[in-house]
Every structure is written in structure tokens, then in C-alpha cells.
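Hi everyone, thanks for coming. Today I'd like to walk you through a structure that may be new to you, so let's have a look together.

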Amino acid sequence: MPEPNSAWPGLYGRHHECETLDGLVRTARSGRSAALVVHGEPGIGKTALLEHLAETAAGSRILRVSGVESEMELAFASLHQLCEPLLDDVRRLPSPQADALGTAFGLRTGPSDRFLVGLATLSLLSEGARTQPLVYLIDDAQWLDHASVQTLVFVARRLAVESVVLVFATRPGKHDRLWTGLPELTVRGLADDAAEALLESALTGPLDDRVRRRILAEAHGNPLALLQLPHWLTATELTFGPHPAGPLVSRMEKGFRHQLEPLPEDSRRSLLTAAAEPLGDVALLWRAAALVGAGPEAAGPAERAGLIELRDTVRFRHPLVRSVVYRFASAAERRAVHRALASVTDAEVDPDRRAWHMAHAATGPDETIAAELEDRADRALEHGGLAAAAAFLEYAAMLTPGAEDRARRQLAAVQAMLRAGSLEAALSLLAVAEHGPLDDLQRVHVDVLRAQIGFAANRANEALPMLVKAARQLEPLDARQALDCYVDALTAALFAGRLVSGSGPSEVAESARRAASSITEVSRGDLLLRGVAVLYADGYAAGAPLLRFATRAFDSDDLSLEEGMRFMWLAAVTASDLWDEQTWRRLTDRHLRIVREAGALSALPLALTTRVFVELFAGDLATAARMVDEIDVVAGAAESRLSPYAAIGLAAFRGHEDVALPLIAAALPEVSARGEGIGISLTNWARAILFNGLGRYGDALVAAREAAAYPTEIGVSNWGLVELVEAAVRAGERNTAVAAYEKLAELTQASGTAWALGVSARSEAQLREGGAAEELYREAIEQLQQTAVRTELTRAKLLYGEWLRREGRRVEARDQLRAAHDAANAMGLDAFAERARRELASTGETARKRTVDATQGLTAQELHIARLATDGLTNPEIGAELFISPRTVEWHMRKVFAKLGVTQRRHLREALRSTQVL
């Protein structure tokens with residue numbers, strides 16, 4: 001018969017699970033970090049496994065936190081509780097990080113960058129583990145607020161050498177997507193022999209065999225059920241009673257309710273107060289309990305019954321006990337304890353929690369409380385709590401006496417839910433709101449919100465006609481809102497691209513321009529709309545100056561959240577269409593910062609994806625890869641769908657056919673089914689880059705033709721023309737190349753930027769011969785050297801080197817090819833690096849590969865850190881740049897020094913230069 005794994009009786013038959021957890025402790029003691037998500041139904045033994053981990057990690061710093069269902073919408077509430085024991089170390093953090101945490105925790109006002117909060121949390125945990133490993137046990141993680149979960153997942157994915165262990169115990173459910181990308185351990189029912197051994201350990205006397213079989217059958221290997229069923233049910237019930245109806249969890253809840261019934265009334269009140277108070281603050285508990293008639297002695301019977309433990313903090317025997325105590329109390333009892341907790345919660349220190357308790361204490365409509373909740377929603381928006389703002393507004397609407405104000409707050413809550421990525425909840429509340437007394441403007445607003453939710457969910461073009469219709473209805477009611485709606489429609493039309501049905505981008509832009517004629521005060525958004533309308537009506541040359549002025553108007557610190565959410569993607573994509581790489585970089589950075597600070601989960605994948613392409617053209621594939629990982633995390637938590645364009649682009653630039661082509665093959669049917677034409681162009685552009693890099697020019701030609709076929713698809717079609725010229729020339733399709741270049745030249749001359757003129761000269765050079773070709777190649781390199789688009793510069797040098805080699809000028813060819821090869825290698829453009837290597841071999845030179853001989857085995861991460869160090873950045877600054885902890889930077893720097901054979905930072909630059917990677 002199996003023996004228990006430790007002193008904890010619930011761990012019979014848990015050898016594998018315990019070994020997994022013990023491995024985390026060994027990892028932490030060796031100086032590394034680890035994270036694990038433990039999944040399992042209630043009572044399956046997750047809490048017991050956390051206790052085992054605490055026992056195994058003796059000598060480490062062990063901290064605990066539990067999620068509480070009633071507070072899962074308060075932004076950063078759980079994170080605050082988790083960080084509370086470490087807040088003395090905040091003074092050691094860089095000021096921006098300390099400020100971000102202070103804002104997130106309500107200690108100061110102002111916007112809070114969600115990812116700066118994550119970096120600050122990572123740094124704080126790293127500081128807390130400097131003297132001994134830090135082990136965090138997080139139970140009932142399904143009840144953590146979403147802002148805290150996003151931060152903790154961000155941190156868990158970036159843990160490296162901090163000696164920190166994060167273990168989340170959570171029930172299965174729709175929240176599972178929040179943990180995407182983290183290691184997981186699923187805890188299942190015990191095997192028969194272990195279940196029987198555990199049951200035997202819980203018995204105090206002999207048990208009839210029929211009863212034993214009945215318990216084992218009822219428990220299904222659930223340890224809590226095995227331990228409690230003999231006590232909850234009489235021998236008669238076990239032997240002769242009918243099989244209980246309902247799931248096992250419900251029966252266990254019923255068992256705990258039976259344990260609560262004999263308790264004195266004041267003891268039950270103290271338990272309920274503890275269940276509603278998530279911080280585990282004993283002093284606060286007694287102050288609140290006293291207000292509901294439960295003194296300190298009231299907890300005695302509950303403690304003796306083994307339901308709760310009061311020491312330095314409040315701990316329930318099992319998370320299910322807390323749930324049962326709270327959920328099965330009467331509504332009046334819950335209101336009473338929330339009223340008491342609101343009374344003892346400091347309005348200055350914790351106004352959000354106080355307002356939340358007030359909301360739960362309300363007996364009916366109450367405008368005073370509703371107004372307070374609306375104020376808290378405004379504050380939540382200030383520090384990135386869109387989910388919290390939505391929850392505050394939803395409760396405010398529920399408590400609003402007046403029908404008009406109720407509808408206004410409901411629609412505001414739907415808007416917040418939409419931006420927070422809670423699309424199902426937004427649709428549900430919208431269905432309630434539309435049946436209320438709405439004015440004409442609000443009824444159109446309902447239609448707009450429904451279309452926006454649909455578009456956010458899957459980018460399908462079916463939202464486009466709904467948005468156009470709503471915009472036209474808004475024109476006579478509110479011209480400004482009509483224009484905003486036209487922007488949403490234009491975004492939807494650009495996504496639809498070649499697959500648009502009904503009004504396309506040009507029609508939407510023209511409608512918007514007509515609507516804007518009634519606006520006397522012109523905004524940045526109006527300028528952008530007018531520029532796009534001119535672009536489609538009168539051509540690129542006419543639209544470019546207006547669009548350049550409009551996009552640069554968005555490069556400003558005074559952008560509102562509304563402007564950032566509605567216009568920044570369009571402005572950034574327009575800047576890329578203009579080949580204005582500096583504005584493109586700044587706008588994507590600003591867009592990303594705005595959505596992060598707002599906690600706008602629905603907009604974050606698109607903002608990250610757009611930024612990835614900036615990094616790809618810049619040759620910073622390491623940063624692009626981190627952002628692709630980030631998109632995966634966000635996509636797991638959001639209810640919206642975006643095809644993996646960033647991952648496709650990254651694989652294409654790397655030249656990894658085995659990664660790129662399966663992603664493209666999976667994405668194309670999806671985007672076609674959704675009517676997302678821009679996806680067809682984008683994936684074909686990626687294929688063209690991939691095949692041009694691999695030297696498969698016939699395949700590149702087919703893909704580039706598709707990518708460049710629809711000039712109304714802003715940005716992508718221009719990039720497609722560049723690939724089309726190269727592919728057509730090398731595939732022997734000169735007429736195709738000439739036609740593509742003529743279109744490209746018209747656009748680049750109107751743009752006039754160094755990027756545009758550089759790729760234009762590079763493309764034309766491939767069509768010329770002799771001195772004309774050489775002059776154009778040199779012009780291309782000169783222009784592109786003025787830009788940050790390093791991949792374009794590298795490709796220009798490669799093409800020039802290939803031309804020189806064909807001209808028989810082998811020595812000069814080597815210079816260009818070597819420079820292209822080394823740059824491509826350093827950036828991770830593997831296919832282009834290999835193409836350059838083959839060309840170098842044709843000149844008689846063996847290319848120096850990125851091996852131990854060349855870079856002393858530096859990884860991409862180490863190389864990136866080393867470069868930042870040569871730029872003068874400190875370890876904390878490098879950590880902030882790469883979203884890793886300073887201790888991880890220190891660890892990487894030690895490895896860099898060892899591999900390069902240097903002992904001081906001032907020697908790094910020369911060491912890197914000698915390896916030809918700087």
C-alpha cells in the first residue's frame with residue numbers, strides 16, 4: 001500500500017507531483033528561477049501540494065497569497081497583496097519602476113505603464129531573493145484580478161537567475177487561457193491504491209467493506225472527499241442512502257456547510273467577515289467583525305473545528321471553505337460584513353477597496369455610491385485598470401436610480417470591457433443596455449459598440465457595413481462621433497483590403513471627408529482622415545504631403561487615450577506607407593505605450609504586431625522575438641483573435657522556411673474566411689522575403705505579385721513592389737520588374753525619405769548595367785545609411801556585392817559581400833547571410849560563420865546585452881530595455897566577459913569589433 005510523500009496526509013500517491021515541486025526548490029537553491037501553474041478541481045490536493053512545497057523549501061523566504069472571488073475586478077489588488085511584504089525594497093528600484101508600482105497600488109496618481117509595473121515587480125522579487133530563495137505560493141489563482149495575472153505571467157516568463165519560484169494553484173475553467181506559455185502541472189484523482197490508503201489514514205475505527213467501496217466510488221480519487229466523506233455522512237447514509245445527486249464539488253460544499261451549521265452565530269459572522277476580507281489582516285478583521293457583533297473570542301469555535309487559523313494572518317483550512325462561507329451566507333449577511341469592512345477601510349489609503357465594499361453593501365439603488373464608483377472608474381483608467389473601470393461602472397449602473405444615468409454608465413462600462421478585452425461580458429451588458437430607455441444618439445452608440453466588439457473579436461469585415469451605417473446615422477446627431485466612427489470603419493476597410501464587400505477604404509475616406517466639412521475645429525484625426533481621402537481620390541503624390549503632416553501631428557505627448565486607441569494604428573501604418581521610418585518608429589512606440597498604460601488588452605496584440613515590423617526592418621530580431629512571445633501571452637488572455645503576422649514576419653526575416661511556411665499555410669484559410677484581405681497581402685509579402693533570401697526567385701515572384709497587387713492596402717503593397725522588382729529580375733521576368741519599378745518610383749519620389757530613395761535606387765540598379773548600375777547601388781547604400789532600417793541597407797550591400805562579383809570585380813565584391821554577410825549574421829537574417837556566404841565562396845573567400853571562433857559562442861541575448869553595455873547602459877537600464885531583471889543582466893554579463901576573455905566593460909567594444917559583430 002502506498003506511503004504518503006510527506007507529513008501531509010493528502011499526498012498519498014503524489015510522487016510525480018512532489019518530485020516536480022521539489023525540482024523547483026532545487027532550481028531556486030542553485031540560483032535559477034522557475035514558475036509553475038498547478039491545475040486541478042477543488043479538493044484534488046493543490047493546497048496540500050503547496051504546503052508540501054513550503055515544507056520542502058524550508059530555509060527559503062516563503063510568501064503566500066490567495067485570490068478572492070469578490071475582488072477579482074480590482075486592478076492590481078492581488079499584486080499589491082503579493083508585493084506587500086517586499087515593499088521596503090522599493091527604494092532600491094529605479095525611480096520609474098518605483099513610481100509605476102506606487103501608481104498601480106494607488107499610492108500616487110497618474111498613468112501607469114502596465115509593462116513597467118511588470119518590470120518593477122520582477123525587480124522587486126529579484127531584490128527580495130538576494131539573500132535567500134524566494135518562494136511564492138499563490139492559491140485560488142483563478143480569482144486573481146486580471147491586471148495582476150497579466151503582470152505575474154509577464155514576470156514568470158522573464159524569471160531567469162533570481163532564485164525566485166512562483167507557483168499558481170488554479171481550478172480549470174475559461175481563465176486557463178490567462179496562463180498561456182507557463183509550465184503546467186495537472187493534478188488528477190488518486191489511483192485506486194493511493195485513494196484507499198488515504199481513506200484508511202483518515203479512519204478512526206473499522207469500516208464496513210460496502211461503505212468503503214461506496215466512499216471510494218463517490219470520491220473519484222479526490223483527496224478532500226476521501227478525508228471528509230466519512231465525517232460528513234453517517235454510516236446509514238453511506239450504506240443505505242441513495243447516491244447523492246450533483247457533482248462532487250457540490251457535495252463537498254454541502255459537507256462544509258454541515259460543519260458551519262453547529263457554530264454559534266457570532267462565530268459564523270467572524271468567518272464571513274474573514275471570507276470577504278482578502279488581505280488576511282487580523283487587526284482589520286477584528287475591527288470589522290466587532291461592527292457585526294463578533295468579538296475576538298467568536299473565532300474560537302471555528303478554529304477548534306479546523307475551519308480557520310488566525311496567527312499573523314488569516315488562513316482558511318481550505319480555499320473551498322472560504323468559498324462556501326461567502327457564497328452560502330444570505331445576501332443580508334454579506335451586505336452587513338461588506339458595510340463593516342467599508343467602515344474600517346481607510347478611504348485615503350485604499351479608496352478602491354472601500355468603494356468596492358460599499359457597492360456590495362448597498363441594499364438598492366443609491367446615487368451616492370454609484371457616483372463614488374464612477375469616480376473610482378475614472379481613477380482606475382488613470383493607472384491602467386480598464387477591467388477595474390468596467391467593473392466599477394457596471395456596479396455603478398446597477399445602483400443608479402435614474403434611467404438616463406444608468407444607460408450612460410452601462411454604455412461606458414461596455415466601452416471599458418471592450419478595450420479591456422472582455423468581449424463576452426461586453427456583449428452581455430450591451431444586450432441589457434439596449435433594452436433600456438435610450439435616446440437616438442445612444443441607440444446608434446449601441447450599434448457602434450456591437451460592431452466594434454465584432455471587429456475586435458476576429459477582425460472580420462462583417463463589422464464594416466455596420467460601422468459605415470452607424471457613422472451615417474451619427475452625422476446629423478453628432479458630427480464628431482460620426483468622424484470617430486468613420487475612422488473605425490476605415491480601419492475595418494483596410495483590414496478587409498481586397499476582400500472588402502460594399503464600401504472600400506476610398507469610399508469610407510471620402511464619406512469621412514464630407515462629414516468633416518461641417519467641423520470647424522480641426523483635430524489631428526480630421527487631418528489624417530482628409531489625407532487618406534486625398535490619397536485615394538487624387539493619388540499618392542497628392543496625399544503624401546497631407547499625410548506626412550497628419551502623422552507627425554500624432555507624434556505628441558498630449559494625446560488622449562481616445563485618440564491613441566482610435567487613431568494610432570492608422571497613423572502608424574500610414575507613416576510606414578510614406579517610408580517615414582522615424583515617425584513610424586515613434587508612433588508605434590507611442591501607440592504601444594498608450595495601450596499598455598490603459599491596460600487595453602483588446603488593442604495590445606495589434607499594437608505589438610505593428611511594432612514587431614519596425615524591429616524587423618531595423619534588424620533587431622531579438623527584440624522582435626520577445627514581442628512575438630509577448631503577443632502569445634496577451635492572445636492567451638484576450639478574447640480577440642489576430643493572425644500570427646508577427647511570428648510569420650520574424651520567421652521570414654530569419655529565413656526559417658520550416659517555421660514560416662506552416663504558419664502561413666495555417667493563417668491563409670483563416671484570414672480568407674474572415675474576409676481579412678490585408679492578411680493575404682502580408683503573408684505573401686513575408687513569403688516573398690523568405691524566398692528572396694533563400695534564392696528561390698520563382699517562388700518569390702509568385703508571392704510578391706500577390707503582395708503588390710492591391711495598392712489600396714496601405715503599407716504592404718509598397719513593400720511588395722520592392723520584393724517584386726528583386727524577384728522578377730532574378731527570375732528573368734524583366735518586363736514585370738520594369739513595371740513594378742515604375743510604380744515604385746512614382747511612390748518613392750513623392751515620399752522623398754532616405755528609406756524610400758534608398759530602396760528605389762536599389763531597385764532601379766538591378767535594372768541597369770555598367771556605371772549606371774554602380775552609381776545607383778552606391779546611392780542606395782548612401783541613402784540607407786542615413787536610416788535605421790538596417791535590413792534594407794544589408795540587402796543593398798548584398799545586391800551590390802553580387803553585381804560586382806558578376807562583373808568580375810572580385811576584390812571589391814568581397815568587401816560588400818563580407819559586410820553584408822557579417823551584418824546579416826549579427827542580425828539573425830540567416831537566409832540572406834547564407835546567400836552572401838555562397839557569393840563570397842564564388843569570389844574565392846571562405847565566409848566567417850557565427851561560430852565559437854567568430855563570436856566566442858555568444859547567444860543572441862548575450863550579444864544584445866553586450867551591445868547595450870558598449871552604449872554605456874547600466875545593468876538596471878539594460879534590464880529595463882530588455883524587460884529582464886538586473887540580476888539576470890549581471891549573469892549574462894559574466895558569461896559575456898568569460899566568452900570574450902575580457903574583465904572590464906571598457907574592453908567590450910574592441911572585443912566585439914574583433915569578432916565582426918559590432
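Before the surface figure, one term: accessible areas here come from the Shrake-Rupley method with a 1.4 Å probe. By that method, the chain of this predicted model has an accessible surface of about 35,100 Å², and carbon and sulfur atoms hold 50% of that surface. As for the inside, 60% of the 918 residues are buried.

Now the overall build. You'll find 47 helices and seven strands in the chain. Its radius of gyration is 31 Å, close to the 29 Å from the globule rule for 918 residues, so the chain is as compact as a globular protein of that length. The C-alpha trace spans about 100 × 70 × 55 Å along its principal axes. And of the contacts with a separation of 6 or more, 70% join residues 24 or more positions apart.

Which residues of H39 are buried? Among them are Ala-773, Leu-776, Tyr-777 and Ile-781. Their cover includes helices H38 (754-765), H40 (790-806) and H41 (810-827).

Finally, how far can we trust all this? The chain's mean pLDDT is 85, with 91% of residues at 70 or more. Confidence is highest in H38, at a mean of 97, and lowest in helix H43 (residues 852-855), at 42. Around there, residues 850-856 have pLDDT below 50.

Key: Residues are numbered from 1 along each chain as its sequence is written. This is a predicted model: local features need pLDDT of at least 70, side-chain atom pairs count only at pLDDT 80 or more; totals for chains, interfaces and linings use all residues. Side-chain values use heavy atoms; hydrogens and water are left out. Buried means under 20% relative accessible area, exposed over 50%, partly exposed in between (1.4 Å probe, protein chains only). Helices (H or I, at least four residues) and strands (E, at least two) are DSSP runs, numbered from the N terminus. Contact means heavy atoms within 4.5 Å. pLDDT is the predictor's confidence in each residue, from 0 to 100. The radius of gyration is taken over C-alpha atoms; the globule rule is 2.2 Å times the number of residues to the power 0.38.
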